[in-house]
Amino acid sequence: MYCSGCGRPESECDGACLRPLDIPRFCSECARKLDVQVTPQGYEATCRTHGEPAPKRL
Ligand SMILES: [Zn+2]
Ligand SMILES: [Zn+2]
């Protein structure tokens, strides 16, 4: 698993790069950059490789 804030392996990141309200920028499964769309309800972060939206964290 990778950090969704910086794309590094989770073992190398203590999570300080992503605050609770920040939008994730990297897929936690493959570390690719996510396509992020901000919506009135929040946001959708989608991985182009996995195709499915990443879990929303608001
Ligand atoms: Zn990180
Ligand atoms: Zn992915």
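A residue is called buried if 20 or more other C-beta atoms lie within 10 Å of its own, exposed if 12 or fewer do, and partly exposed in between, with C-beta atoms placed from the backbone. The model is predicted, so local features need pLDDT of at least 70 and side-chain atom pairs count only at pLDDT 80 or more, while totals for chains, interfaces and linings use all residues. Residues are numbered from 1 along each chain as its sequence is written, and chains are lettered from A and ligands numbered from 1 in the order in which they are written.

**Overall make-up**

The chain has two strands and zero helices. Both terms refer to DSSP runs numbered from the N terminus: H or I over at least four residues for helices, E over at least two for strands. Of the 58 residues in the chain, 12% are buried. Contacts are pairs of residues whose C-beta atoms, placed from the backbone, lie within 7 Å. If contacts between residues at least 6 apart in sequence are taken, 14% of them join residues at least 24 apart.

**The two strands**

Strands pair if DSSP finds at least two bridges between them. Six bridges link strand 1 with strand 2 (residues 42-47), and the sense is antiparallel. Leu34 has Cys47 of strand 2 opposite, and Val38 faces Tyr43 of strand 2.

Gln37 belongs to strand 1. Gln37 is exposed because 11 other C-beta atoms lie within 10 Å. Beyond its neighbours within four places in sequence, Gln37 is in contact with Tyr43 and Glu44.

**The segment before strand 1**

Leu18 is located in the segment before strand 1. Its count of 17 other C-beta atoms within 10 Å is why Leu18 is partly exposed. With neighbours within four places in sequence set aside, Leu18 is in contact with Ser4, Gly5 and Pro24.

Arg8 is also placed in the segment before strand 1. Arg8 is partly exposed because 13 other C-beta atoms lie within 10 Å.

Arg25 is another residue of the segment before strand 1. Arg25 has 16 C-beta neighbours inside 10 Å and therefore counts as partly exposed. Apart from residues up to four places away in sequence, Arg25 touches Ser4, Gly5, Lys33 and Leu34. Leu34, as noted, stands opposite Cys47 in strand 2.

Ala31 lies in the segment before strand 1 (34-39). Ala31 counts as partly exposed because it has 17 C-beta neighbours inside 10 Å. The phi of Ala31 is near 70 degrees, a positive value in a residue other than glycine. Most residues other than glycine have a negative phi.

**Separations in sequence and in space**

| Pair | Apart in sequence | C-alpha to C-alpha distance |
|---|---|---|
| Arg8 and Ala31 | 23 residues | 7.2 Å |
| Arg25 and Cys6 | 19 residues | 7.1 Å |
| Leu18 and Cys3 | 15 residues | 8.7 Å |
| Gln37 and Ile23 | 14 residues | 9.9 Å |

The row for Arg8 and Ala31 involves the residue with the positive phi. The row for Gln37 and Ile23 involves a residue of strand 1, Gln37.

Methods. Two residues are in contact if their C-beta atoms, placed from the backbone, lie within 7 Å.
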